[in-house]
Amino acid sequence: MAHQSARAIAFAALREWRRGDRFGDAILQALLSGSALAGSDRAFATELFYGVLRNLTLLDFWIALLRSGSIDDESRDLLRLGLYQMFCLRTPSHAAVFETVELASRRSRSFVNAMLRSALRRAEELQQAADAAPLTSRTSHPGFLIERWTRTFGADATSALCEWDNQSAPVYARVNTLRTSPAEFLAHHPESEPLPSHPLFVRLTSIPAEALGRGDCYIQDPSTSAAVELLGPQPGQTVLDACAAPGGKSGFMAALMQNRGELVACDRDPARVEKLAGNLERLGVQIARVAQHDWAAQPLAEELAPRSFDRILLDAPCTNTGVLRRRVDARWRLQPNDFKRMPEEQLTILRRLVPLLKPGGALVYSTCSIEPEENEQVVSRAMAEFPFLRQDGERSVLPFRDGYDGAFAARLLHAG
Ligand SMILES: C[S@@+](CC[C@H](N)C(=O)[O-])C[C@H]1O[C@@H](n2cnc3c(N)ncnc32)[C@H](O)[C@@H]1O
């Protein structure tokens, strides 16, 4: 019964997502917070919803093999849910068919039932067809992404990347040294695992709600440390985090600064600014001035930038192609033109920030994209426009090479 509710939530989330005006995360959170589901059922609803989104093209490929005619939206969502359980989750077939058909309206019930039973009978044929299908269907990625990744990284890496995007992501947290130490955290949370390559991070096997509430740790992937470590903010410095919400990197920088100096943390989105302020407060950050600011619209107000900054972080808005396994529906929002549009947006913000950098100061430009147009090429273009900038280090994380979310960071020194 309880799983039926989890399925009903996943079904409602798919219906809402199809309307196209809200992110998958927001839809699911709203539905889960309005439900009385227990922890394991919440996890099951999440698995179903994200699982269907991750495997959308594959599920539709199977549906097209089962029926060539048109299918109404409700039946398609139910078939996607049912086939995902049967062939991807390997849920016992009786439960997958019965519980999915239970969600159908009277109008579509017998159709969905017949289609799912036909899929059961043709399971082997469907699986073989999927194995022989092109990467775009097999791994449910837009063709234009596969083409560009093949050009940039080669066929094997592209295939590995697509497989990576379809796995559920482990949960990592940074231990907040403003509140505790990694040793103390691990002693209190023996279920979490240390990460020798990233001593301030742990891998979580369960969510330590109390520790999160106290600000002892903050959920973030170890790859997010590349930009902050490259920037190297020091205690006593004046630091600007230009696109800071929800605050993972601001919190990390304040910890490296040992809460000494000044950290101006901006973002353009009012709801995210509120979240940023709450997160920094919970993390015990005392040196932050949080402000809503849109760099594309205007320069920073005088009262926030009374002087220039020793360190600036631009963790820029980007296409997110390095983190598609976490931003499950992002691949379906991407358009080929985004790879032209985003670099212009990134450069617009950079142009506002460079004049705020002190001579001798450092700016780190970072993204969670793995596209050269948004990374190396933005850096080259910025250096061509501002000849006093000198590149002083670069880090990149590639999921198929490094085993963490994709990230890019380049350090630019004001050598004027
Ligand atoms: C990659 S996210 C930042 C993540 C953040 N640094 C962290 O570690 O939690 C990019 C942020 O840039 C903000 N943003 C996008 N365009 C902006 C602009 N023109 N001015 C200010 N913020 C902007 C978005 O609202 C988003 O919160």
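Which residues does Ile312 touch, not counting residues up to four places away in sequence? In this predicted model, the contacts of Ile312 are Leu240, Ala242, Leu353, Leu356, Leu357 and Leu363. In soluble globular proteins, nonpolar side chains tend to be buried together.

The surroundings of the ligand come next. The shell around the ligand is made of 19 residues, and the closest are Cys243, Gly248, Lys249, Arg268 and Asp315. Two elements, α15 (248-256) and β6 (262-267), each give two or more residues to this shell. Sorted by class, the shell holds 9 nonpolar, 7 charged and 3 polar residues. An unreviewed UniProt entry lists, under "binding site", Cys243, Ala244, Ala245, Pro246, Gly247, Gly248, Lys249, Asp267, Asp294 and Asp315.

Several of these listed positions can be followed along the chain. Ala244 is part of the loop that links β5 to α15. Ala244 counts as buried because 28 C-beta neighbours lie inside 10 Å, where 20 or more are required. Apart from neighbours within four places in sequence, the contacts of Ala244 are Ser250, Ala265, Cys266, Asp267 and Leu276. Pro246 lies in the loop between β5 (238-241) and α15, and the peptide bond joining Ala245 to Pro246 is cis, with omega at about 5°.

Gly248 belongs to helix α15. With 21 C-beta neighbours inside 10 Å, Gly248 also counts as buried. Leaving aside neighbours within four places in sequence, Gly248 is in contact with Tyr218, Gln220 and Thr224. The burial extends along the helix: 8 of the 9 residues of α15 are buried, so the helix is largely enclosed by the rest of the structure. The buried residues of α15 are Gly248, Lys249, Ser250, Gly251, Phe252, Met253, Ala254 and Ala255. Just after α15, Gln258 takes a positive phi of about 50°.

A further position comes from the record. For "active site", the unreviewed UniProt entry lists Cys368. In the model, Cys368 sits in the loop running between β9 (357-367) and α19 (376-385). Although Cys368 lies in a loop, this residue is buried, because 26 other C-beta atoms lie within 10 Å. Not counting residues up to four places away in sequence, Cys368 touches Cys318, Asn320, Gly322 and Val323, and also Asp405, Gly406 and Ala407.

An open sheet of 4 strands is also present, with the order β2-β3-β1-β4 and antiparallel pairing. At its edges are β2 (193-194) and β4 (217-219), each of which pairs on one side only. Strand β1 (residues 171-175) pairs with strand β3 (residues 201-204) in the antiparallel sense over 4 bridges. Within this pairing, Arg174 stands opposite Phe201 in β3, and the bridge partner of Tyr172 in β3 is Arg203. On the β2 side, 2 bridges join β2 to β3, and these strands run antiparallel. Here Glu193 has Arg203 of β3 as its bridge partner. Strands β2 and β3 form a hairpin with 6 residues between them. In a regular strand the side chains alternate between the two faces of the sheet.

Arg90 lies in the loop between α5 (73-89) and α6 (93-102), and its phi is near 60°, a positive value in a residue other than glycine. Ser140, which is in the loop between α9 (135-138) and α10 (143-153), also has a positive phi, near 55°. Is each of these residues buried or exposed? Arg90 is exposed, because 9 other C-beta atoms lie within 10 Å and 12 or fewer place a residue in that class. Ser140, in contrast, is buried, with 22 other C-beta atoms within 10 Å.

Terms used
Residues are numbered from 1 along each chain as its sequence is written. This is a predicted model: local features need pLDDT of at least 70, side-chain atom pairs count only at pLDDT 80 or more; totals for chains, interfaces and linings use all residues. A residue is near a molecule or strand if its C-beta atom, placed from the backbone, lies within 6 Å of it. Ala, Val, Leu, Ile, Met, Phe, Trp, Tyr, Cys and Pro count as nonpolar, Asp, Glu, Lys and Arg as charged, and the others, Gly among them, as polar. UniProt positions are given in the numbering used here, feature names are shortened, and annotations may be inferred rather than shown by experiment. Two residues are in contact if their C-beta atoms, placed from the backbone, lie within 7 Å. Two strands pair if DSSP finds at least two bridges between them.
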